[in-house]
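Visitor: I have a structure open and want to go through it piece by piece. Can you walk me through it?

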Amino acid sequence: MRVVKEKELLSVATLILNEVTSHFDDISKIKEKTDLSYNQKVLATNKILQTSINDISKEYKNVGMGYYDIELNSIITIAPNFDPLLLKEVPSSYPYFKSYESGKPEFIINDTSIGWYGKPILNVTVPVVYNGNMIGHTWTNLKIDDLYFFSILAAAKVIIMGLIVWFSVLKYIRRSVRQTLSLLNTFSQQIVEEKQDEAQFSKIPELTPVLEKIQHYTNSLKESNKQYDNSICLLNTILEGITDGFYALDNDWNFTYINKGAIQASFKREDLIGKNIWEEFPQAVGSESYIKLHKSKNDNIPLYWETDGLLSDYYYSLSAYPYLNGITVFFRDIKQEKQIKNNLIQLAAIVESSKDAIISMTLEGVISTWNYAAENMFGYKDKEIIGKHNSILVPEGLIDAEHSLDIFSSKNKSNSFETERITKQGLIINVLLSVAPLVDENGKVYGTSTIFHDITDRIKLEKKLKEEIIQRKQSEAYLKAIFDNSKLGIGTTTFDGKIQKCNRAIEEMLGYSQEELSSMDWMTITHPEDIKKDMDFSYELFNGNRDYYEIEKRYVKKDGTILWASLTIAQSKEPYEFAIAFIQDITQKKLYEEQMVKFDRLNLIGEMAAGISHEVRNPLTTVRGFLQILQNKEECLNYRDYFILMIEELDRANAIITEFLSIGKNTPTDLNLQNLNIIVESLKPLIEADAYTQDKYLRIELSQVPSLLLNSKEIRQLILNLCRNGLEAMNAGGTLTIKTLLEGQNIILAIEDEGEGIKSEVLEKLGTPFFTTKKDGTGLGLGICYGIASRHNASISIETRPEGTTFYVRF
């Protein structure tokens, strides 16, 4: 029966071998991944093989099986009773590794199995070779109890088959089996109790070699246990004797050991052994120590770091060392050591980065240290000067005078005084010299520390100071005269835009007094659309990215009107940081430019109109004539409506061209001396009718104005266009107002509606041919108005607000 089961185990092991080799490429790719930890590679490889192994295990329910990988040095898959915790390294002393030496399957009886909970098993190990390389081994095993069971079952089958004939033989076999089992039980009990009854063993001489092997194994195990106990004792002595803190954690992050050094750091051994570190110290979850410990364990690498302690205000250095069953941590308090080290580093950095020369000397005046600033100040390298007497730096006439000060014997305080020193090149420099004693831990003075501050430039500046004060007063008087009397607006502002001071020109431009402006900032009076542009440049200026900037921007005057200005801002940093603003009023210039742009557009339209008038209108006239002829033809009577529609569309196109041509006129025709009020009155019935049909109202406010040279037809068209635009801009119930008034030498026609006002983006495009916001508009109406105004030497301006819009035509 054993031979049969060995063959069965060998065949199952071969099935597993085939699964491993068929997935060799996938397994190799996982091993090559550098972003996976050791444990992640083992689990990923298990995921490839475990399903297939489970399927094989279902067919061979009493057989244990698995695969061990040499490169990963771990069990990769196991069945039945799969548990991820079983995927681990197996000691090389286990008999399963004999097949690596022989290169062939090995049959082994193992009394301490892993998969069968330590029960004796019959095991077959088959080496796995791929492309000539040993990559691992598969194994299958069967519990010895099951082997006995199968043996007895096979024997029972034979006995049953021959029950009638061989009943007496059956009795004998049963009696023999009972005796054998009894002997085996006695044999097992004696092994467990480590007793040996020669009489019992003489009955089963075949077990003598087994007993000898077991005794040899037991003796080896006892010796190993003794050595292990000695090692543990020695390790405990070492760990308890060191001053560093030490604790060990298992794979579930539970404390398994804490030494005296850790107890002194507030760890309590009796409270923590067996407890989870992250449950006991939840404040450490997510900390640097938490991250480092997990990284060390997951990557299976030792790590060192420094951080605050988990349990106290101390500062610790920590070293983590992972091992198969967990991780160990050494730590010690380095707070004082760190502080001393940091203090020394800071002190050294201060000395080396100081702009003042710092040297130390013995009581005899011999130089012992020399910083980088001393090298720059005196010209000596440290190798040239250290070990020499400090008199090398003192001008000849000062040696005796300074020696009489007895500065090198001062024990209680430092001395400071101004004096002179001589450089390597022979140059005399002025210095402020400060000397302090160096005292050891016993309070004894062993030398001095001397600081030299170069004051040569300061003394030179002091000599020039009086002259500069006189010059500055003269300059201030001159600048004040310019500031107060300049027609150019001049003002100063701080970094945050606060207005400090401004001249009379700015007061006149903006309408605010100096007192009012001093409580405001520039952004308050800047047009909202220009704030971002101004702030971006201002930010660059005060951050040192530019020395000045020039822009054109708008200011909101006190009366609410707009002032266009050319602004130049320059930065000043002495004696304190502020900006100087120069403002020039360019409002008239901007209005002129806007008018010129619109005139340029009209001139362009005129040129286009002149070019297309004959090219378009003549073909349209021809087509219209033929359409009129065809619509009266008998054979075309059924299409009469279509012909009428086409003629109407041609007339509409011709009307648009006519309006287009009127924009392009350069000079007015038929100018006669007429009164603007008379023209408005003549249009009143027509405009009232339009308003009435839209449930809106008309109000006319006419002032006495002189007559002008006008083309009444064009002026009527201008008024009608502006009035119809105003009516369309209002809701029902609104009132349209037409006014005439005299303003200086200008006669003004004003048309005011009560609509919602005009958006800024639309306002900029008004008057542009073909630009319209109406659904059925042509975009030529306002263009015609601007053309008419231009031909009458008039200008059109617009004032809009949320309550309505007013168009002003100034003659």
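Guide: What follows goes from overall figures to single residues. Keep in mind that this is a predicted model.

Visitor: What is the mean pLDDT of the protein chain?
Guide: The mean pLDDT is 78, and 76% of the residues reach 70 or more.

Visitor: Where does pLDDT stay under 50?
Guide: One stretch is residues 148-156, for which the model has 6 contacts beyond four places in sequence. Another is residues 408-412, with 9 such contacts.

Visitor: And how many helices and strands are there?
Guide: The protein chain has 26 helices and 27 strands. It has 811 residues, of which 35% count as buried. Among contacts between residues at least 6 apart in sequence, 50% join residues at least 24 apart.

Visitor: Which residues touch the most other members in the largest nonpolar core?
Guide: Those are Ile687, Ile719, Leu749 and Phe811, in a core of 34 residues. Two or more residues each come from α23 (676-693), β23 (708-710), α24 (712-729), β24 (735-743), β25 (746-752), α26 (781-791) and β27 (804-810). The most come from α24, which gives 7 residues.

Visitor: What is Phe811 in contact with, leaving aside neighbours within four places in sequence?
Guide: Its contacts are Leu676, Leu708, Leu710, Ile715, Gln745, Asn746, Ile747, Leu749, His792 and Ala794. Apart from this core lies another, of 31 residues, and Ala13, Val42, Ile78 and Leu122 are among them.

Visitor: Back to α24. What span does it have from first C-alpha to last?
Guide: With 18 residues, α24 reaches 26 Å, close to the 26 Å expected at 1.5 Å a residue. Its N-terminal end is capped by Asn711, where a side-chain oxygen lies 3.1 Å from the backbone nitrogen of Lys713.

Visitor: Which residues of α24 are buried?
Guide: The buried ones are Glu714, Ile715, Leu718, Ile719, Leu720, Asn721, Leu722, Cys723, Gly726 and Leu727. Of these, Ile719 was named above for its contacts in the largest nonpolar core.

Visitor: What does β2 pair with?
Guide: Strand β1, residues 63-69, is joined to β2 by 5 bridges, and the two run antiparallel. Within that pair, Tyr68 stands opposite Ile75. The hairpin has 4 residues between the strands, and Asn73 takes a positive phi near 55°.

Visitor: Which peptide bond is cis, by the way?
Guide: The one from Ala79 to Pro80, with omega near -10°. Pro80 is found in the loop between β2 and α4 (98-102).

Visitor: What is the phi of Asn81?
Guide: Asn81 has a positive phi of about 60°, although it is not a glycine. This residue is also in the loop between β2 and α4.

Visitor: Thr125: buried or exposed?
Guide: Thr125 is buried, because its relative accessible area is 0%. The residue is found in strand β4, residues 121-130.

Visitor: What does the side chain of Thr125 make a polar contact with?
Guide: With the side chain of Asn123, at 2.9 Å. Not counting residues up to four places away in sequence, Thr125 touches Tyr96, Ser99, Lys104, Pro105, Glu106, Ile108, His137, Thr138 and Trp139.

Visitor: What are the partners of Thr448?
Guide: Met361 is bridged to Thr448, and Pro437 stands opposite Thr448. The hairpin of β14 and β15 has 5 residues between the strands, and Gly443 in the turn has a positive phi of about 85°.

Key. Residues numbered from 1 in each chain as written. Predicted model: local features only at pLDDT ≥ 70, side-chain atom pairs only at ≥ 80, totals over all residues. Heavy atoms only, no water. Core = buried A, V, L, I, M, F, W, Y, C linked by side-chain atoms within 4.5 Å. Buried < 20%, exposed > 50% of the residue type's maximum accessible area, 1.4 Å probe, protein only. Contact = heavy atoms within 4.5 Å. pLDDT = per-residue confidence, 0-100. Expected span 1.5 Å × (residues − 1). Polar contact = N/O pair within 3.5 Å; in protein donor to acceptor, adjacent residues only side chain to side chain. Pairing = 2+ DSSP bridges.
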